[in-house]
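Visitor: Hey, can you walk me through this one? I'm new to reading structures.
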Amino acid sequence: MRHDLLDLCLPLLLYADEMVQRQATLILMTTFGTHAFTLLRRRLGASDPDVCREATEALRVLERHSGHPAAYRPFRGIHIECLGTFHVYVGNQEILPHHWAQANGSRAGSRKVQAVLAYLVHRGRYGATSEEILAAVWDSTGSAGALARTITALRRTIEQFGGSELAERALVYADGRYILKPTAYTSDVQAFEQAIHVTEQTESERDLATAAPIYRHACALYNGNYMAMIKMAADDIEERRVELLNAFLNAIERQAEHEYQNGNDDRCLALCRQGLRFDPSDSAITLWKLRCLARQRRINEVKREYWRYLRSLGVPPDAEDPVVLWMNAHSSR
């Protein structure tokens, strides 16, 4: 997640011009969602009074232009990043590998603590039974004692950096299920999905030109595939991963179309390369790349891109494959 973007937008939030403030608010809310408030609230705990003053004023501006209520006290909650590398922040502290190891007593144990936390995040408000957690994290080979020790280590870590009240509120056991309360944490997934929703609504109500910059900020949140670095055996993990990836790829495709329509071939090609790194077989993105290359008369690269696409499929393409149809039509000219 691009936390440096907050530093770039902070002077804009504090600028006297209302239009500039609204634009900065739009950028922050579509990039971070309500986590933008969390990032600013962390600065309220700084020892430098000028930093605290600027953060307080920026919160007021963000509240006024976004319509979301702001809290004017230092952040003491949990933030979890699940897209790409798994990161956990409690209060102002990132929980690093040695913190997990200290809580559980070993490096292997620390991976189990992270995996249990990740699985509870994945299950959301429904939570999970002991049997479901053991199946997902230990592949049903773990014991009730191992799970109990891991849950204790997770609770102890939250308590160490966020206090006992947060630990008790965030991690609960009710009706035979462990639940990490969604109201006790924010995540990059929440922010990404919120940004995508705002962007798609903007395109529907306005047009692609208006939505394109917001699509760009939404894509900045996508740092990698969902829970990619966490080892667990949940049946629906892949389904959720594909759902989020498709939302990202669609956002890339919409931006690529906008850039192509405006004659910005180099920008369009860069977007296509960004998307195809995640899914080389995406036909919609491949088509925009081929169109750009063809318009620039880079014929050899058109051919290489086409064969790259065919190899990425792994099986012979369907006769109605849009890339095949485009290539056949282009070759006949």
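Predicted model: local features only at pLDDT ≥ 70, side-chain atom pairs only at ≥ 80, totals over all residues.

Visitor: Okay, in what order do the four strands of the open sheet come?

Guide: The order is β3-β2-β1-β6, and the pairing is mixed.

Visitor: Which strands stand at the edges?

Guide: Those are β3 (93–94) and β6 (185–187). Each has a single partner strand, so one side of each is left without a neighbour in the sheet.

Visitor: And how many bridges join β2 to β3?

Guide: Two bridges, and the strands run antiparallel. For instance, tyrosine 89 has glutamate 94 in β3 as its bridge partner.

Visitor: Which strands does helix α10 touch when it packs on the sheet?

Guide: α10, residues 188–205, touches β1 (78–81) and β6. The direction of α10 makes about 60 degrees with that of β6.

Visitor: New topic: helix α8. How far apart are its end C-alpha atoms?

Guide: They're 27 Å apart. The helix has 19 residues (144–162), and at 1.5 Å a residue they should span 27 Å, so the two values agree.

Visitor: Which residues of α8 are buried?

Guide: Ala146, Leu147, Thr150, Ile151, Ala153, Leu154, Thr157 and Ile158. They cover an arc of only 155 degrees around the axis, which means they sit on the same side of α8.

Visitor: So what's on the face turned away from that buried side?

Guide: That face carries the exposed residues Ala144, Arg149 and Gln160.

Visitor: What follows α8?

Guide: Glycine 163, with a positive phi near 95 degrees.

Visitor: Let's switch to α11. Which residues are buried there?

Guide: The list is Leu208, Ala211, Ala212, Ile214, Tyr215, His217, Ala218, Cys219 and Ala220.

Visitor: And what covers them?

Guide: The cover includes α2 (18–32), α10 and α12 (237–261).

Visitor: What about the start of α11, which atom does aspartate 207 reach towards?

Guide: A side-chain oxygen of aspartate 207 comes within 3.4 Å of the backbone nitrogen of alanine 209.

Visitor: Last one, the hairpin. How many residues lie between β4 and β5?

Guide: Two residues, and aspartate 175 in that turn has a positive phi of about 55 degrees. β4 (residues 171–174) and β5 (residues 177–180) pair in the antiparallel sense over four bridges.

Visitor: What's the bridge partner of valine 172?

Guide: Isoleucine 179, in β5.

Terms used. Residues numbered from 1 in each chain as written. Heavy atoms only, no water. Pairing = 2+ DSSP bridges. Contact = heavy atoms within 4.5 Å. Axes fitted to C-alpha atoms, helices over the stretch in contact; angles between N-to-C directions. Expected span 1.5 Å × (residues − 1). Buried < 20%, exposed > 50% of the residue type's maximum accessible area, 1.4 Å probe, protein only. Arc of directions from axis to C-beta. Polar contact = N/O pair within 3.5 Å; in protein donor to acceptor, adjacent residues only side chain to side chain.
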